[in-house]
Structures are given as C-alpha cells and as structure tokens.
Amino acid sequence: MKINVTDQAGDVHELEGLEGWRVMEVIRDWGLNIKAECGGALSCATCHCYVDSDWLDAVGAPSEEEEDMLDSVGDVKSNSRLSCQILCSDELDGLKLTLAPSAAKD
Amino acid sequence: MNDTTVNTNGAGEVVETDVVIVGAGPVGLFAVFELGLLDIRCALVDILDKPGGQCAELYPEKPIYDIPAFPVVTGQQLTDNLMAQIAPFSPEFHFSRMVNSIEKLEDGSFKLTTDADETFFTKVVVIAAGGGSFQPKRPPVPGIEAFENKSVFYAVRRMEDFRDQDVVIVGGGDSALDWTLNLAPIVRTLTLVHRRDAFKAAPASVNKMRELVADGKVNFQLGQIAKLDGENGMINHVHLTTEAGDLSIPATRLLPFFGLTMKLGPVADWGLELNDNTIVVDTEKFETSVPGIFAIGDINHYPGKLKLILSGFHEAALMAQAAKSIVSPGERVVFQYTTSSTKLQKKLGVA
C-alpha cells in the first residue's frame, strides 16, 4: 500500500507502507520531518498530522486518549490525528495526509 | 529513595566525584550500578525533578515488553527497580538542573557547571541524556521568543510577577488548571484558553475552575493561541483562533502549558563529534571524540545503533570498564560475577 504525505515545506512524498505498520513509523523510516519522540507510545503528540478530508471516514475518529495528547500541541484542526495511531492496511491504500508544524524536529 | 542522596543546595556548591552522569534515565541509573561494582563514585544531574527520564516523564504507566527477563514492566516500575538496584552505591542526585558547560582541565579531568550555578570536578563524564533535556513545549506562535521570560512564562517561579496582571493561561492539563486556581485571587483578569471543553486534569480542579467561571472570576475561552501583540518583550494582546473567528484578548502575561519536549540543548556546544543530534562513539568503550567523555543510551550513535533500553545497559557495562582505567590508572581490573564474587556481594550489601 502507498501513503501520500505532504511535509511542512509543502513537498509531497509517496511512501510505501507495510501492512500493520504505524503510519508514523513509515514516515519516520523515510526520513521525513517528524519528531515522534515517544516512539509510538501515545505519550506525546509529536507525530501530529492532518488527514485529508476524503480519508477521514476511512481513518476514523481519534480515541479519547489521543484527544488528550492532542491537547499538548497548539495547531489542532478538526482533521487532526496522531500518525502513530493509524495502522497501515489495504483499506488505507492511497491515504493522504499532511504533517503538522508541531510534528517537526527541532 | 532510602540510601540515595538528593542534593537540593545548588548555587555556588562545588562537588568532587569520580564520574558525573548527565541524565538520570534508565541507562544513567544502570551506569551507577556497573560503575559501583568497580568502586567508582557517581553524581547524576537531571533536568527533571525525579529519576527515570523518559520512562518517568513520558510513559510512567505504559507497559514495556522488551526488557530482558521482564515480560512486562511499566516505565515507573523499571525506574523504581533501578533505584532499588543502585541504592547500595548511594549515588548523589542533582535534580531540576542542566549541565551547561564541560571544560577539560590540564590534568585531563573535567569541570562542569550547571544552570543552578554548581560546579563539578570529575575524572570522567558519562552523557546518558537520551533524547536531550526536557524543555517546555513552545506554542506555534510567530515571534514568541522575544516575549519569553519577560511576559511569557512556561512556569510560575514567583506568584508576585502575576499580581494585578491580565493573565492568559493556555492548556487543559493539571498545570493549566492548578495555576488558574492559584493565580485567580491575585490577578486583575484571568482567561483560561483551551481548544475543547474537556480537561485532562484532576476533576476537583476542573470543578473549582468552573465555579470561578460561574462567579465571573475567571473567563474560559475555547480556542487556540494564534498571535501575540506587544513591544519590548511585553505583550499587550493575545490573539486566539476560535470557531467564531479571530478573537483578541488584552493581556500582560501569558502562561502556555503544553507539556515538555526533548531538546538536545547545551550538549551540542561541548565540542563532541555529532551525527544528526546524536553523539558519535566507538563500540568498545562508548567513548566520544573527547577522551574521558563517554556517551551511552539513546543519545549516542555508532554503526548498527538501536535505541533500546537494553542496548544502553550493555553500553553502560563496557563504558564502566574503560572509565575504571581512567579513574584508577594502573589498577588491575579483575572481571567478576555477582553470583560468585563475595567482594561484589559485599558491595551490594548481601554478603
């Protein structure tokens, strides 16, 4: 499956995702600008992304714990998600998302 | 923390020791054990107010599954166990401070200074600083740096600085709620800003805050901080993005509470060879490009490096052997097992 990620500079990257991987892990492994400092433990919000409106239904709503973590960034929108909480699957082949400014490394 | 010393003196203090460990996360703590078996005294410095590093700050309640012999252990349990394991060596802890500078002296030893104005003289430095030092997360507001520590603060050091001010507090956690409650009686106006009408804070605090709002003593505003107006470091308005559009609130003090994030910090200025914000080391001694300074755990880099706690433990053991030859030059080091060596068992207080 493939995911399309727009980085903070506006560049679009088509990344190969593996079934069962977290979208955050794919983005990190491809070397994009994502801090992801807790490593996927749902303990920070530094893998924050905006899901393209066409994909919101397929991705689903954030959990309550994820909403709590989103409180720790100041650029939340209605389509905000933490990319460590989205699992790659065939249903999400072609997923489009944009990295939030708050996901950037220092 | 029975047998450990927590140092709270700070300013002006001079500490002499064998090894200063920068960072009291799991790897820094285990280094105390490995060094302790070799009779090496340690002092630890950490920016947090408690041991455990990421394990204690980021995920104290999260289960970890890849610590050898622990099918599952939480970050806090791991920290507590390490503290118990190193207690026989009575390490000296210096919490809530950051090492600002490291200077190599003529005799090859080191002088370290902290932001609490302490000085350490030590034979060896071990950097076990993980992802860097935890710092308050800065909200994404252009130009906010110019106002920091003048009218924008990430912590309340002196409540008097907020008396009779127009204060805006941003956030939905315990810090935001606690300071809303504590500052409300002394400020001129107080506005709490949060992106949603739900809080991850003690329910009692949330209830008290709602009472203050109902009494007209605190304003609660849904929204996110977008822009600051002001001059010479002093804000005069905070602009918010809200569902109804932009909103400008008169304000003379801003307290954003978005939690902590890790930054490499002063480590970058210590003259060590770096690779993408990590410190380059060899894989025999885990020594940096400066002899006598070692780096272990997530902060180091070498071919094949994995950022795993267990890798950091291994690195600590090998580092300790090399550190011993610096601390006690010429002394023959006999490799011993804790299962069989009475000498080691005496050090651990079990024989």
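Let me begin with Leu35(B), which, once its neighbours within four places in sequence are set aside, is in contact with Val19(B), Ile21(B), Ile40(B), Cys42(B), Met319(B), Ala320(B) and Ala323(B). Please keep in mind throughout that this is a predicted model. The largest core itself has 73 residues, and the members that touch the most others are Val19(B), Ile21(B), Leu35(B), Leu112(B), Ile127(B) and Ile296(B). As general background, nonpolar side chains in soluble globular proteins tend to be buried together.

Now let us step back to chain B as a whole, in which there are 7 helices and 22 strands. Its C-alpha atoms fill a box of roughly 70 × 45 × 40 Å along the principal axes, and 52% of its 351 residues count as buried. If we take the contacts in chain B between residues at least 6 apart in sequence, 59% of them join residues at least 24 apart.

How do helix H1 and helix H3 of chain B pack? H1(B), which covers residues 26-37, and H3(B), which covers residues 75-86, pack at an angle of about 20°, with their axes 9 Å apart. Angles under 35 degrees count as roughly parallel, so H1(B) is roughly parallel to H3(B). Their crossing is left-handed. On the H1(B) side the contact is made by Pro26(B), Leu29(B), Phe30(B), Val32(B) and Phe33(B), while H3(B) brings Leu78(B), Thr79(B), Leu82(B), Met83(B), Gln85(B) and Ile86(B). Sorted by class, this contact has 9 nonpolar and 2 polar residues, and no charged ones.

H1(B) also packs against helix H6 of chain B, residues 309-327, where the axes come within 8 Å and cross at roughly 35°. This crossing is right-handed. From H1(B) the contact takes Pro26(B), Val27(B), Phe30(B), Ala31(B), Glu34(B) and Leu35(B), and from H6(B) it takes Ile309(B), Gly312(B), Phe313(B), Ala316(B), Ala317(B), Met319(B), Ala320(B) and Ala323(B). By class, that gives 12 nonpolar residues, 1 polar and 1 charged.

Not counting residues up to four places away in sequence, Thr119(B) touches Glu13(B), Val14(B), Val15(B), Lys111(B), Leu112(B) and Thr113(B). Leu264(B), for its part, lies in the loop between strand S18 (260-263) and strand S19 (274-275) of chain B. Is Leu264(B) buried or exposed? Leu264(B) is buried, with a relative accessible area of 12%, and, leaving aside neighbours within four places in sequence, this leucine is in contact with Gly131(B), Gly132(B), Ser133(B), Leu274(B), Asn277(B) and Ile299(B).

Finally, a word on backbone angles: most residues other than glycine have a negative phi. Asp117(B), however, has a positive phi of about 65° although it is not a glycine. Asp117(B) sits in the loop between strand S8 (110-114) and strand S9 (119-127) of chain B, and is exposed, with a relative accessible area of 54%. For Asn149(B), phi is likewise positive, near 65°. Asn149(B) is found in the loop between strand S10 (133-136) and strand S11 (166-170) of chain B, and at 63% relative accessibility counts as exposed.

Note on methods. Residues numbered from 1 in each chain as written. Chains lettered and ligands numbered in written order. Predicted model: local features only at pLDDT ≥ 70, side-chain atom pairs only at ≥ 80, totals over all residues. Heavy atoms only, no water. Axes fitted to C-alpha atoms, helices over the stretch in contact; angles between N-to-C directions. Helix = DSSP H or I, 4+ residues; strand = E, 2+ residues; numbered from the N terminus. Parallel < 35°, antiparallel > 145°, perpendicular 65-115°, else oblique. Left-handed = near helix turned anticlockwise from the far one by under 90°. Contact = heavy atoms within 4.5 Å. Nonpolar A, V, L, I, M, F, W, Y, C, P; charged D, E, K, R; others polar. Core = buried A, V, L, I, M, F, W, Y, C linked by side-chain atoms within 4.5 Å. Buried < 20%, exposed > 50% of the residue type's maximum accessible area, 1.4 Å probe, protein only.
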